[in-house]
Amino acid sequence: MLDYSLFKKINDLFASGQHDKARHLLMEVQSRCIALRDELSMLKVRLKTLEDIAFFAENLHVQDGFYWLTANDVRQGPFCPRCYESEGGLIRLERWQKALHCPYCHAVYPGGRQEAEYQDGAALRHARIIPFAR
Ligand SMILES: [Zn+2]
């Protein structure tokens, strides 16, 4: 934590002509500011991670053994259960013949009810990899 009274102390040292002591104290304050900035950056990363976890906890659902993500009233998926459960990655499955295929781990899941839901357009064109670590 930065002690704000140090700024007054530095000012007083300069005002009284003790420039070396003032500079030394100023360098100490600078060092503390850098440490605080680093801590703030780390805390921002942790906050983003926790926000992501909360978002996925609220919006990621399992149906018929596959993961589905609902965001802004749009349901996306299915996502590969193997990739999510092993690495926390959401990898959208691609339709491959009469099955679903993971473009990342190459797992093949027999088609079924999920396949019918999966035939609705743009999702068939590209696999989307959404990185996420649990
Ligand atoms: Zn996979």
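User: Buried means under 20% relative accessible area, exposed means over 50%, and partly exposed lies in between. Which of these classes describes Lys48?

Analyst: The model is predicted. Lys48 has a relative accessible area of 45%. Because this value falls between the cut-offs of 20% and 50%, Lys48 is classed as partly exposed.

User: With which residue does the side chain of Lys48 meet in a salt bridge?

Analyst: The contact counts as a salt bridge if a side-chain nitrogen of Lys or Arg lies within 4 Å of a carboxyl oxygen of Asp or Glu. For Lys48, the N to O distance is 2.8 Å.

User: What is the relative accessible area of Asp52?

Analyst: Asp52 is partly exposed, a class that begins where buried, under 20%, ends. Its relative accessible area is 23%.

User: How far apart are the closest N and O atoms of Lys8 and Asp12?

Analyst: Lys8 and Asp12 lie in helix H1, which covers residues 5-15, with a spacing of 4 residues, or about one turn of the helix. Lys8 is exposed at 55% relative accessibility, whereas Asp12 is partly exposed at 37%. The two residues form a salt bridge, and the closest N and O atoms are separated by 3.1 Å.

User: Which residue forms a salt bridge with Arg23?

Analyst: Arg23 is partly exposed, with 46% relative accessibility. The closest N and O atoms are 3.7 Å apart, inside the 4 Å limit. The partner is Asp20.

User: Is Asp20 buried or exposed?

Analyst: The relative accessibility of Asp20 is 64%. Since the exposed class starts over 50%, Asp20 counts as exposed.

User: How many salt bridges does the count come to?

Analyst: Under the 4 Å rule, the count of salt bridges comes to 4.

User: Which residue in E3 stands opposite Leu69?

Analyst: Strand E2 (residues 66-71) pairs with strand E3 (residues 74-79) in the antiparallel sense, over 4 bridges. Opposite Leu69, E3 places Gln76.

User: Which residue in the turn between E2 and E3 has a positive phi?

Analyst: E2 and E3 form a hairpin, with 2 residues between them. In this turn, a phi of about 55° belongs to Asn72.

Key:
Residues numbered from 1 in each chain as written. Predicted model: local features only at pLDDT ≥ 70, side-chain atom pairs only at ≥ 80, totals over all residues. Heavy atoms only, no water. Buried < 20%, exposed > 50% of the residue type's maximum accessible area, 1.4 Å probe, protein only. Pairing = 2+ DSSP bridges.
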